[in-house]
Amino acid sequence: MPLTKEPDPPERDVSPFDLTAGERDGGRRTRRTWSARRVTAASVAAVILVAAVATLVDVIAVRAGRPAAAWRRHLADELATRPVDDVWMLTGAAVAAVVGVWLIVLALTPGQRRWLPLRPPAGCPRVRAFLDRGGAAVLLRDAAMRVPGVGAAHVLVGRHRIKARADVRFREPRQVKEDLTAVLDEERGRLTLARPPRIAVRTRRRTR
């Protein structure tokens, strides 16, 4: 559960781009953490650097009186002679468009989907805490196993929904489901999530 404390900001309104809709609790706003995306940034920078260095070296060689590299002559000829509706031109344009949309999505979304933001403690609105979804699932599963009649339980925590599946060894499945829903709701409240996911419970009878 990482904890971070933000420096005191100047007196200004918080930008709506820094907030996720619905992340409020009692007037306090809980912002999602943004992923650094170091791998993506490094990959894009490496591709741009290699292309720029290769082009720069070839341009310097041409200025020095040497012929242009074969790859650059071939690329220029292909771009000049191929029609716009050529299959390779369309494929290249489609790939470039997909990569561009992907980079835009990465730039405009916070990422860090495995972290769930918690409500800030009273009196410390700038302290932010996050809970790993896997850790939350373990806590909820342990709570589910304490319900009488539950022989096995599996809990999956998403950003918007908690899915719980339990095997009933004894008691009526309907009663077990009601008790399990109540226990999970109580345990979810103890997690103090900023945006508590909905709970969906499924039970099935198992005699072996």
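1. Buried means under 20% relative accessible area, exposed over 50%, and partly exposed in between, with a 1.4 Å probe and protein chains only. Asp58 is buried by that cut-off, at a relative accessible area of 7%. Of the 208 residues of the protein chain, 23% count as buried.

2. A word on the basis. This is a predicted model, where local features need pLDDT of at least 70, side-chain atom pairs count only at pLDDT 80 or more, and totals for chains, interfaces and linings use all residues. Residues are numbered from 1 along each chain as its sequence is written, and side-chain values use heavy atoms, with hydrogens and water left out.

3. Overall build. The protein chain has five helices and eight strands. Helices (H or I, at least four residues) and strands (E, at least two) are DSSP runs, numbered from the N terminus. Along the sequence the pattern reads β-β-β-α-α-α-β-β-α-β-β-α-β.

4. Surface and contacts. The accessible surface of the protein chain is about 14500 Å². Carbon and sulfur atoms hold 60% of that surface. Areas come from the Shrake-Rupley method with a 1.4 Å probe; for residues, only the protein chains shown count as cover. A contact means heavy atoms within 4.5 Å. In the protein chain, among contacts with a separation of 6 or more, 60% come from residues 24 or more positions apart.

5. The sheet. Three strands form an open sheet in the order β6-β7-β8, with mixed pairing. The edge strands are β6 (150–157) and β8 (198–205), each pairing on one side only. From one strand to the next the twist averages 15°. Two strands pair if DSSP finds at least two bridges between them.

6. The two pairings. β6 and β7 run antiparallel, joined by seven bridges. They form a hairpin with three residues between them. Ala152 stands opposite Asp167 in β7.

7. Helix α4 (residues 133–145) lies across β6 and β7, and runs at about 155° to β6. Helix α5 (residues 173–190) packs on the sheet and touches β6, β7 and β8. Its direction makes about 150° with that of β8. Axes are lines fitted to C-alpha atoms, for helices over the stretch in contact; angles run from 0 to 180 degrees between N-to-C directions.

8. Salt bridges. The criterion is a side-chain nitrogen of Lys or Arg within 4 Å of a carboxyl oxygen of Asp or Glu. By this rule the count is ten. Arg72 pairs with Asp58, with the closest N and O atoms 2.1 Å apart. This pair links distant parts of the chain: Arg72 sits in helix α2 (residues 70–81), Asp58 in helix α1 (residues 38–63), 14 residues apart. Arg72 is partly exposed at 27% relative accessibility, whereas Asp58 is buried.

9. Around helix α5. Asp185 and Arg188 form a salt bridge, with closest N and O atoms 2.3 Å apart. The two are three residues apart in helix α5, so about one helical turn separates them. Asp185 is partly exposed at 38%; Arg188 counts as buried at 18%. Arg171 forms a salt bridge with Asp179, at 2.6 Å between the closest N and O atoms. Arg171 is partly exposed at 28%, and Asp179 is partly exposed at 30%. Finally, salt bridges link Arg146, Glu186, Glu187 and Arg190 in a network.
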